[in-house]
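Hi everyone, thanks for coming. Let's take a friendly walk through one structure together, and please keep it open on your screen while I talk.

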Amino acid sequence: MKIAIIDYGSGNLKSVTKAIEYASKNVLQKSDVKILNSAKEIDTFDKVVLPGQGSYKQCYKSLISVDGILDELINFVIEKEKPILGICVGMQLFSTFGDEDGGSKGFNWIEGNVRKINIKNNDFKLPHMGWNNINICKKSKLLFGVENNSHFYFVHSFAFDVSNKQFISATTNYSIEFVASVEKNNIYGTQFHPEKSQINGIKILENFVKI
Amino acid sequence: MLKKRIIPCLDVKDGRVVKGINFIDLIDAGDPVEQALIYNNSGADEICFLDITASSEKRDILLDTVKKTAECCFVPLTVGGGVRSIQDIRKLLLAGADKVSINTAAIKNLDLISESSSIFGSQCIVVAIDAKKISDNSWKIFTHGGRNPTDFDAVEFSQLAEQNGAGEILLTSMDRDGTKKGYDIELTKKMSSCLNIPVIASGGVGNLKHLKDGIVKGGASAVLAASIFHFGEYSIKQAKEYLKNENVPVRL
């Protein structure tokens, strides 16, 4: 199994890499996990992970500044229908548009906009940072074997308002209810960080390795 | 529901834990990686390393420690101590830290907060404030591990830090640190109520009720403690069970 982690200058790739290697060992698959910072080899991989930290706009800008990468990703995900896992802003980029930082378009693979979480009062701080439980709302390959109400680690201030609710696999509550994970055919995404979510997160990465 | 976080903090010097955990099943009481793993497995919500290495040539040892910890601990790792530049932050993040805590350098230079948060994202920039009570309702910031007084009002500065992109404030009361008398609730309350970002309370925990007070009375989103966990007085699990019984939302 060859898994590429796309490096476009966004944050901590080491923990994602290590967590996927660890999860692969658990399911007895030796994965070749590689951090990729160019578009060239993507096609030779079986799966792609798109991490993301920082602002939506900045992430989109940094990503498309990698020559040819968006075309390669579209080819990988849309034409070849190979699995992709977006994490945090990586997942948000699957959307149509993100409001953050003046606004930017996204890939439009899953229709909907990324908006700031609507905080009702000062008891709710932003970023939504820490461990929160998820409500699983559909049968999902990525969440297979994960118990409803399990805890995952979140760090974000914006959330993905998915237009077609059937692509939402789990939600979470913080002031309002919003999307915790998405699943549309071969496209998987989590707002939380599986690589920082202990046993539950490793379970999700095991599922992704097995898909 | 978002849970309140319990964060054990390890003081690390030259790659060794200074105040180690007093657990019988530890092979090497001074190995930070091994101790972090114990906390990781026992339900800590995050782990914090505070590097107190004095000499700069030995600072790379910390990167190695962070690297090894990131290979086996799958909870967020915050690293602080002696962080002075964008380059320092980048090195720590690349080694596997999830958040970097900046103290003296951030107080001296607000631009470091805004610059680092725009490059790496607010979520990984923690501004550490060491404060001492000066008079009624007034706390001043001290730098260099609490040795040097400044003119900055702690609460006002925390607001500036927020405006400049800090993702979180790690608030240590110097009056309480090491006393086991509990957090400075008054200060924690004052700061958390005027900020929109989370405040981590630190300094002075002597028992489990102090953790609860920091959260319930102080309004902290997370509580940091060192000695009560290191010396085996309480386990993370005990702390969480206590808080749960007291109706504080925790991850069990």
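**Helices, strands and charged pairs**

Let's begin in chain A, where the axes of helix H1 and helix H5 (residues 198-210) come within 8 Å and cross at roughly 70°. That angle makes H1(A) roughly perpendicular to H5(A). Before we go on, please remember that this is a predicted model.

Which residues make the contact between these two helices? On the H1(A) side they are A:Ala19, A:Ile20, A:Tyr22, A:Ala23, A:Ser24 and A:Asn26. On the H5(A) side you will find A:Ile202, A:Leu205, A:Glu206 and A:Val209. Sorted by class, the contact of H1(A) with H5(A) has seven nonpolar residues, two polar ones and one charged one.

Stay with H1(A) for a moment, and look for A:Lys18 and A:Glu21. Their side chains meet in a salt bridge, with 3.4 Å from N to O. If that term is new to you, here is the general idea: side chains of opposite charge can pair when their charged atoms come close. Where do A:Lys18 and A:Glu21 lie? Both are in helix H1 (residues 13-26) of chain A, three residues apart, which is about one turn of the helix. A:Glu21 has 27% relative accessibility, so it counts as partly exposed.

Now for the strands of chain A. Strand E1 (residues 2-6) is mostly covered, with four of its five residues buried. What does E1(A) pair with? One partner is strand E2 (residues 32-36) of chain A, in the parallel sense, over five bridges. As an example, A:Lys2 has A:Asp32 as its bridge partner in E2(A). E1(A) is also joined by three bridges to strand E3 (residues 47-50) of chain A, and these two run parallel. There, A:Ala4 has A:Val48 as its bridge partner in E3(A).

Elsewhere in chain A, four strands form an open sheet in the order E6-E5-E7-E10, and the pairing is mixed. Which strands are at the edges? They are strand E6 (104-105) and strand E10 (158-162) of chain A, each of which pairs on one side only. Within this sheet, strand E7 (residues 112-116) of chain A and E10(A) pair in the antiparallel sense over five bridges. To find that pairing on your screen, look for A:Val114, whose bridge partner in E10(A) is A:Phe160.

Let's move over to chain B and look at another pair of helices. The axes of helix H2 (residues 60-72) and helix H3 (residues 86-95) of chain B come within 8 Å and cross at roughly 30°. H2(B) and H3(B) are therefore roughly parallel to each other. From H2(B), the contact is made by B:Asp60, B:Leu62, B:Leu63, B:Val66, B:Lys67 and B:Ala70. From H3(B), B:Lys91, B:Leu92 and B:Ala95 take part. By class, the contact of H2(B) with H3(B) has six nonpolar residues, no polar ones and three charged ones.

Let's zoom in on B:Lys91, which has its place in helix H3 of chain B. With 39% relative accessibility, B:Lys91 counts as partly exposed. What does B:Lys91 touch, leaving aside its neighbours within four places in sequence? The answer is B:Asp60 and B:Leu63. The C-alpha atoms of B:Lys91 and B:Leu63 are separated by 7.5 Å, although the two residues are 28 residues apart along the chain.

Are the two buried or exposed? B:Lys240 is buried, with a relative accessible area of 2%, and B:Asp45 counts as buried too, at 1% relative accessibility.

Another salt bridge runs between B:Arg59 and B:Asp51, whose closest N and O atoms are 3.0 Å apart. B:Arg59 counts as buried at 17% relative accessibility, and B:Asp51 counts as buried at 5%. Finally, salt bridges that share partners join B:Arg5, B:Glu46, B:Lys99 and B:Glu168 into one network.

How values were computed:
Residues numbered from 1 in each chain as written. Chains lettered and ligands numbered in written order. Predicted model: local features only at pLDDT ≥ 70, side-chain atom pairs only at ≥ 80, totals over all residues. Heavy atoms only, no water. Axes fitted to C-alpha atoms, helices over the stretch in contact; angles between N-to-C directions. Parallel < 35°, antiparallel > 145°, perpendicular 65-115°, else oblique. Contact = heavy atoms within 4.5 Å. Nonpolar A, V, L, I, M, F, W, Y, C, P; charged D, E, K, R; others polar. Buried < 20%, exposed > 50% of the residue type's maximum accessible area, 1.4 Å probe, protein only. Pairing = 2+ DSSP bridges. Salt bridge = Lys/Arg side-chain N within 4 Å of Asp/Glu carboxyl O.
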